[in-house]
Amino acid sequence: MQQRIILTGDRPTGPLHIGHYVGSLRRRVELQDSGLYDKIFIFEADAQALTDNIDHPDKVRQNVIEVALDYLAAGLDPQKSTLFIQSQIPELCELTFYFMDLVSVSRLQRNPTVKTEIQMRGFSGESIPVGFFTYPISQAADITLFKATTVPVGEDQEPMLEQCREIVRRFNNIYGETLVEPNILLPENAACLRLPGTDGKAKMSKSLGNCIYLKDSADAVEKKVKSMFTDPDHLRVSDPGKVEGNTVFTYLDAFCRPEHFGRYLPDYEDLDALKDHYRRGGLGDMKVKKFLAAVLQETLEPIRQRRAELEKDIPAVIDILRRGTEVAREAGAQTMAEVRRAMRLDYFEDAAFTAEQAARFQ
Ligand code: TRP
């Protein structure tokens, strides 16, 4: 039977925020604890982060530790999940190099994620760094080197997965069944697909200053929730309000569970009842924000506490990454041996090669 293998990761360009948490981190911990998977690889894509941070090596270096702390604090368990660092796996470069032969420039140009990112970063025409342009190929190597069957990521990664599957099919067609086609695993809840920033803008992003970080203090979370974007037309408490596009309600969709009402807002049975009242009018933003803050604090407090503990022993955190990287390298080396064999590049491993070539010249 085919093993079930999870692989996913993040670019270490900043500490993780609650968008990462509901979009992926929370799910990873559930998947990890479900016992349904044979192997779980979670990695920090530091080499990919460098593709558009070439001038900021120290930013990536520091955030490798921030993200590791967030992973562990959120509940990833190194006994169950292999945590590792991309740049420390040279086999990834090797596989990427061979994959480059399987992808055309025009196919990369059609990748929607690459397209938007090129626009976002203001690269024009041919000024795009080759490494940035080709990162979907390297991402396909990230996934296939570990024979991942399941890749839990946000919807923005869908084009990457599609491109990866194409590469796998092409490789297996040419060289014989070697690599595994992965499946994407998207977040279940629409609000979790892309949590907006606290200002209501489409995405949480450090540069917009609209993030709530997992490592934020209780005080900081409180302040950020108080100043959150709601319905700009909901001026008086008695006014009817809109729930759609109202960030406070979007966050509640992502975080709130029925039992939170019993604990923090017993006047309402559930989120639907709260939304109905808001729509009708008579429910003030402040009351909803207080509830959201309580829900967020309940979720974030244990993570904050674990993080504080972990911060006391950074060498132990680095050791977890070191050991995970060793495990990942071993798995990667095994796949690479199969890839070289399939590609007829296993000269020194294949005794028949010496015999067959010697015979050719007799
Ligand atoms: N591109 C992903 C992101 O920006 C990170 C990533 C790199 C990744 N390689 C991956 C995710 C492989 C899943 C699988 O979030």
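Predicted model: local features only at pLDDT ≥ 70, side-chain atom pairs only at ≥ 80, totals over all residues.

Trainee: What makes Leu 300 count as buried?

Mentor: Buried means under 20% relative accessible area, and Leu 300 has 0% relative accessibility, so Leu 300 counts as buried. This residue is found in helix α15, which covers residues 285-311. Not counting residues up to four places away in sequence, Leu 300 touches Ile 18, Ile 212, Leu 214 and Val 221. Leu 300 and Lys 215 are 85 residues apart in sequence, while their C-alpha atoms are 8.4 Å apart in space.

Trainee: Why is helix α12 described as largely enclosed by the rest of the structure?

Mentor: Helix α12 consists of residues 247-255, and eight of these nine residues are buried, so the helix is largely enclosed by the rest of the structure. The buried ones are Thr 247, Val 248, Phe 249, Thr 250, Tyr 251, Leu 252, Ala 254 and Phe 255. What covers them includes α1, α10, α13, α14 and α15.

Trainee: Why is α3 called roughly perpendicular to α16?

Mentor: Helix α3 (residues 57-74) and helix α16 (residues 314-342) pack at an angle of about 85 degrees, with their axes 10 Å apart. Angles of 65 to 115 degrees count as roughly perpendicular, and the angle here therefore makes α3 roughly perpendicular to α16. On the side of α3 the contact is made by Val 64, Ile 65, Ala 68, Leu 69 and Leu 72, and on the side of α16 by Ile 314, Val 317, Ile 318, Ile 320 and Leu 321.

Trainee: What classes of residue does the contact of α3 with α16 have?

Mentor: By class, this contact has 10 nonpolar residues, no polar ones and no charged ones.

Trainee: What makes the pair of Phe 41 and Phe 146 tilted?

Mentor: A search of the whole structure finds 13 aromatic pairs. For Phe 41 and Phe 146, the ring centres are 4.9 Å apart and the planes stand at 40 degrees, so the pair is tilted. The reasoning needs two cut-offs, since ring centres must lie within 6.5 Å for a pair, and planes under 30 degrees apart would count as stacked and over 60 as edge-to-face. Phe 41 lies in strand β2 and Phe 146 in the loop between α8 and β4, so the pair ties together parts that are 105 residues apart in sequence. Phe 41, Phe 43, Phe 84 and Phe 146 form one aromatic cluster.

Trainee: How do you know whether Phe 41 is buried or exposed?

Mentor: Phe 41 has a relative accessible area of 2%, and Phe 41 is therefore buried. At 3% relative accessibility, Phe 146 counts as buried too.

Trainee: Where does Ile 89 lie, and which residues is Ile 89 in contact with?

Mentor: Ile 89 is found in the loop between β3 and α4, and its relative accessible area of 1% makes it buried. Leaving aside neighbours within four places in sequence, Ile 89 is in contact with Phe 84, Leu 145, Phe 146, Thr 325, Ala 328 and Arg 329. The C-alpha atoms of Ile 89 and Gly 282, which are 193 residues apart along the chain, are separated by 58 Å.

Trainee: Why is Lys 147 called partly exposed?

Mentor: Partly exposed is the range between the 20% limit for buried and the 50% limit for exposed, and Lys 147, with a relative accessible area of 22%, is therefore partly exposed. Lys 147 is found in the loop between α8 and β4, and its phi is near 50 degrees, a positive value in a residue other than glycine.

Trainee: What makes Arg 344 count as exposed?

Mentor: Exposed means over 50% relative accessible area, and Arg 344 is at 58%, so Arg 344 counts as exposed. Its place is in the loop between α16 and α17, and its phi, near 65 degrees, is a positive value in a residue other than glycine.

How values were computed. Residues numbered from 1 in each chain as written. Heavy atoms only, no water. Axes fitted to C-alpha atoms, helices over the stretch in contact; angles between N-to-C directions. Helix = DSSP H or I, 4+ residues; strand = E, 2+ residues; numbered from the N terminus. Parallel < 35°, antiparallel > 145°, perpendicular 65-115°, else oblique. Contact = heavy atoms within 4.5 Å. Nonpolar A, V, L, I, M, F, W, Y, C, P; charged D, E, K, R; others polar. Phe/Tyr/Trp six-rings, centres within 6.5 Å; stacked < 30°, edge-to-face > 60°. Buried < 20%, exposed > 50% of the residue type's maximum accessible area, 1.4 Å probe, protein only.
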